[in-house]
Amino acid sequence: MLCLKDSTLQLNRPSYADTHQRRNANWRSPKAAIIPNLHLPMRSLEVKNRTSSEDIKALRLITAIKTPYLPDGRFDLEAYDSLVNMQIINGAEGVIVGGTTGEGHLMSWDEHIMLIGHTVNCFGSSIKVIGNTGSNSTREAIHASEQGFAVGMHAALHINPYYGKTSLAGLVSHFDSVLSMGPTIIYNVPSRTGQDIPPSVIHSVARHANLAGVKECVGNDRVQHYTDKGIVVWSGNDDQCHDARWGHGANGVISVTSNLIPGLMHELMFRGKNSALNSKIMPLIDWLFEEPNPIGLNTALAQLGVVRPVFRLPYIPLPRPKRVEFVNMVRKIGRENFVGEGDVRVLDDDEFILVARY
């Protein structure tokens with residue numbers, strides 16, 4: 001074995017001064033670092049589906065689609081595909097993938113983008129796929145939107161930064177940054193974010209060609225304010241969507257209830273004012289939101305037999321008395337108006353699976 005020792009082998013090493021001088025002679029300032037937005041790995045034209053904001057503005061019924069699970073907590077894509085297909089058959093024009101209802105906040109970004117891409121590949125020619133790629137981090141929202149548009153989503157849903165709230169000027173800068181990616185719906189739900197997006201912010205970004213409109217949860221006075229200004233708005237409140245549509249100029253609704261009764265929600269949004277139908281489904285809507293969404297929806301779909309009774313924690317099913325109430329409501333409204341074909345039944349506590357690690 002050959003051993004090299006300092007006394008027998010001397011290596012000529014360049015001095016620090018020589019190395020530093022050579023590096024300085026060859027070094028050039030990276031121009032991309034001083035040109036806005038060139039850090040983005042994908043430009044807005046490099047997308048799978050080219051959709052204009054005008055295409056999104058035309059939508060009336062958009063369902064915030066539920067994400068079903070297997071017993072180990074992974075996505076149940078077979079059940080998911082069935083849910084989306086039932087939306088298409090019953091007239092929904094768009095789906096929000098990975099929103100609050102779809103539990104995007106319980107997904108990794110890999111899962112999130114995979115589900116968006118899966119939805120596009122299977123259903124993108126039949127329904128508009130709107131990915132919830134919003135975040136309270138602008139950097140993360142940009143990156144997720146790049147990926148979402150790269151796998152073919154037609155539009156993005158963007159919430160205002162929550163928890164780590166910013167100023168009103170910061171909101172404008174945040175939305176300006178994500179609007180450049182593609183057609184966008186801005187989502188205002190102060191009950192979840194802890195901060196209202198006031199009209200002044202929306203007016204500041206309203207001229208952007210990629211702003212499709214606003215999902216508004218503050219109420220119909222705010223809806224009216226936007227429609228008076230020519231800004232497209234969807235009601236984010238199922239209990240107010242009928243009046244928003246026919247009394248305050250809303251385009252339509254981004255709905256939770258349409259997961260259960262897409263045909264009736266389509267009728268409510270497309271066939272003119274119908275106070276009788278609105279009153280008929282109001283007890284169901286009230287039941288759905290007695291506890292934070294999507295607890296009620298997850299419980300209901302499981303009892304209809306269209307998804308497995310699997311919950312990713314921290315969500316847990318509604319208690320048995322509420323489960324009984326749902327069965328009675330289904331029978332009163334008519335089982336034929338709900339998704340799925342099997343009979344609705346009251347599930348026992350031990351039939352539900354709660355998954356903490358997935």
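In which loop does Pro314 lie? Pro314 belongs to the loop between strand 9 (310–312) and helix 14 (320–333), and the views below place this residue and others in a predicted model. Local features require pLDDT of at least 70, side-chain atom pairs count only at pLDDT 80 or more, and totals for chains, interfaces and linings use all residues. Residues are numbered from 1 along each chain as its sequence is written, and side-chain values use heavy atoms, with hydrogens and water left out.

View 1. Strands (E, at least two residues) and helices (H or I, at least four) are DSSP runs, numbered from the N terminus; two strands pair if DSSP finds at least two bridges between them. Strand 1 (residues 61–64) and strand 8 (residues 252–255) run parallel and are joined by three bridges. Ile62 has Ile254 of strand 8 as its bridge partner.

**View 2. Strand 5 (residues 184–188) is mostly covered.** Five of its five residues are buried, where buried means under 20% relative accessible area, exposed over 50%, and partly exposed in between (1.4 Å probe, protein chains only). Thr184, Ile186 and Asn188 point one way from the strand, whereas Ile185 and Tyr187 point the other way. On one pairing, four bridges join strand 5 to strand 4 (residues 155–159), in parallel, and Tyr187 stands opposite Ile159. On another, five bridges join strand 5 to strand 6 (residues 211–216), also in parallel, and Gly213 of strand 6 stands opposite Ile185.

**View 3. A right-handed β-α-β unit is made by strand 4, helix 6 (residues 168–179) and strand 5.** A crossover is right-handed if, with the strands pointing away from the viewer, the path from the first strand over the helix to the second runs clockwise. Tyr163 is placed in the loop between strand 4 and helix 6. Its phi is near 65°, a positive value in a residue other than glycine. Tyr163 counts as exposed because its relative accessibility is 78%.

**View 4. Helix 5 (residues 138–150) and helix 6 have axes that come within 9 Å and cross at roughly 20°.** Helix 5 is therefore roughly parallel to helix 6, a term for angles under 35 degrees; over 145 counts as roughly antiparallel, 65 to 115 as roughly perpendicular and the rest as oblique. Axes are lines fitted to C-alpha atoms, for helices over the stretch in contact, and angles run from 0 to 180 degrees between N-to-C directions. The crossing of helix 5 and helix 6 is right-handed, as the near helix is turned clockwise from the far one by less than a right angle. Thr138, Ala141 and Ile142 in helix 5 meet His174, Ser177 and Val178 in helix 6, contact being heavy atoms within 4.5 Å.

**View 5. Glu103 has a positive phi of about 60° although it is not a glycine.** Glu103 is found in the loop between strand 2 (94–97) and helix 4 (109–123). Glu103 counts as buried because its relative accessibility is 1%.

**View 6. The peptide bond from Leu313 to Pro314 is cis.** Its omega is near 20°. The peptide bond from Asn293 to Pro294 is cis as well, with omega near 15°. Pro294 is located in the loop between helix 12 (275–288) and helix 13 (295–304).
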